[in-house]
Structure formats: C-alpha cells, structure tokens
Amino acid sequence: MKKGLKNKEIGFRIMQLRLDRGYSRERLAELANISSKFLFEIERNEKGFSANTLVNLANALDVSADYIMTGRGNTKFDEGIAATLEKFEPSVLEKVEDLLELAYELAHIN
C-alpha cells in the first residue's frame with residue numbers, strides 16, 4: 001500500500017470515529033489536547049502527528065492506537081463485548097440492545 005493512501009485512511013478513520021461518537025472537531029481536539037485546526041489537518045491528510053498525539057486521540061476516541069493506524073483491533077473492548085453478547089439467545093438480543101441504549105443515554109446525561 002502506498003504511504004499517502006495509508007495516511008489518508010488514518011485521517012479518514014479518525015474523522016469517522018469522531019463522527020460516530022458525535023464529537024465536533026472542536027470537542028475531540030479539546031479531549032486530545034490539540035487544536036481543532038491541527039485535527040482538521042490530520043483528518044485531511046495535510047499533517048502527520050506524533051506518538052503522543054496518537055495516544056491522546058486513541059484515548060479520546062476510546063480505541064486502540066493500533067486501530068487508528070491499521071484499522072484492526074477496533075476498540076479496546078470489542079472482544080469482551082462480543083463474547084458476552086454471544087451468550088444471549090437471539091430472541092433476547094433485542095431487549096439487550098434496548099438496555100444498552102438506555103445505559104448509554106443514562107451515562108451521557110449532563
């Protein structure tokens with residue numbers, strides 16, 4: 001894979017994670033301790049970033065640094081969550097999903 005394409009994928013991956021989590025560019029930049037302009041440049045493949053910034057972004061997005069760089073390993077907790085969900089009967093999974101959505105809403109009440 002060409003280096004430029006790989007970097008473009010990294011920036012796109014960061015942007016997708018940000019959007020998936022409902023973060024504005026300004027909010028993610030604040031959480032990662034970088035400027036929103038710098039984050040914009042990272043997402044657009046205009047600037048590279050340090051290992052420190054990578055760790056800050058990974059922590060802010062709750063994913064592994066490996067996922068940001070390679071697209072593999074998604075989140076830190078995927079395997080455990082998947083293993084737990086597999087224990088449920090298919091007929092119960094809809095209720096589990098409803099409970100998870102409720103838990104998410106409760107956890108994000110300001």
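Biologist: Which residues of helix α3 are buried?

Modeller: A helix here is a DSSP run of H or I with at least four residues, a strand is a run of E with at least two, and both are numbered from the N terminus. Buried means under 20% relative accessible area, exposed means over 50%, and partly exposed lies in between, with a 1.4 Å probe and protein chains only. With these cut-offs, the buried residues of α3 are Leu39, Glu41, Ile42 and Glu43.

Biologist: At what pLDDT do side-chain atom pairs count?

Modeller: Residues are numbered from 1 along each chain as its sequence is written, and side-chain values use heavy atoms, with hydrogens and water left out. This is a predicted model, in which local features need pLDDT of at least 70, totals for chains, interfaces and linings use all residues, and side-chain atom pairs count only at pLDDT 80 or more.

Biologist: Which helix of the protein has the highest confidence?

Modeller: The pLDDT is the predictor's confidence in each residue, from 0 to 100, and the protein averages 86, with 87% of the residues scoring at least 70. Over residues 1–5 the pLDDT is below 50, and this stretch has three contacts in the model beyond near neighbours in sequence. Among the elements, confidence is lowest in helix α6 (residues 78–85), at a mean of 73, whereas the highest value, 97, belongs to α2.

Biologist: Why does Glu43 count as buried, and which side chain makes a polar contact with its side chain?

Modeller: Glu43 lies in helix α3, and it counts as buried because its relative accessibility is 7%. Leaving aside neighbours within four places in sequence, Glu43 is in contact (heavy atoms within 4.5 Å) with Gly11, Phe12, Ile14, Met15, Arg18 and Arg25. A polar contact is a pair of N or O atoms within 3.5 Å, where within protein one must be able to donate a hydrogen and the other to accept it, and residues adjacent in sequence count only if both atoms are side-chain atoms. At 2.7 Å, the side chain of Glu43 makes such a contact with that of Arg18.

Biologist: At what angle do the axes of α2 and α3 cross?

Modeller: Arg25, Glu26, Leu28 and Ala29 in α2 meet Ser36, Leu39, Phe40 and Glu43 in α3. The axes of α2 (residues 25–32) and α3 (residues 36–43) come within 8 Å, each axis being a line fitted to C-alpha atoms over the stretch in contact, with angles from 0 to 180 degrees between N-to-C directions. They cross at roughly 105°.

Biologist: Which backbone nitrogen does the side chain of Ser24 reach?

Modeller: Ser24 is found in the loop between α1 (3–20) and α2, and it counts as partly exposed because its relative accessibility is 34%. The C-alpha atoms of Ser24 and Ser36 are separated by 9.3 Å, although these residues are twelve apart along the chain. At 2.9 Å, the side chain of Ser24 reaches the backbone nitrogen of Arg27.

Biologist: Which residues does Thr53 touch, not counting those up to four places away in sequence?

Modeller: Thr53 sits in helix α4 (residues 51–61), and at 9% relative accessibility Thr53 counts as buried. Not counting residues up to four places away in sequence, Thr53 touches Ile34, Phe38 and Ile42.

Biologist: How many helices does the protein have?

Modeller: Buried residues make up 24% of the 110 residues in the protein. Along the sequence the pattern is α-α-α-α-α-α-α. The secondary structure comes to zero strands and seven helices.
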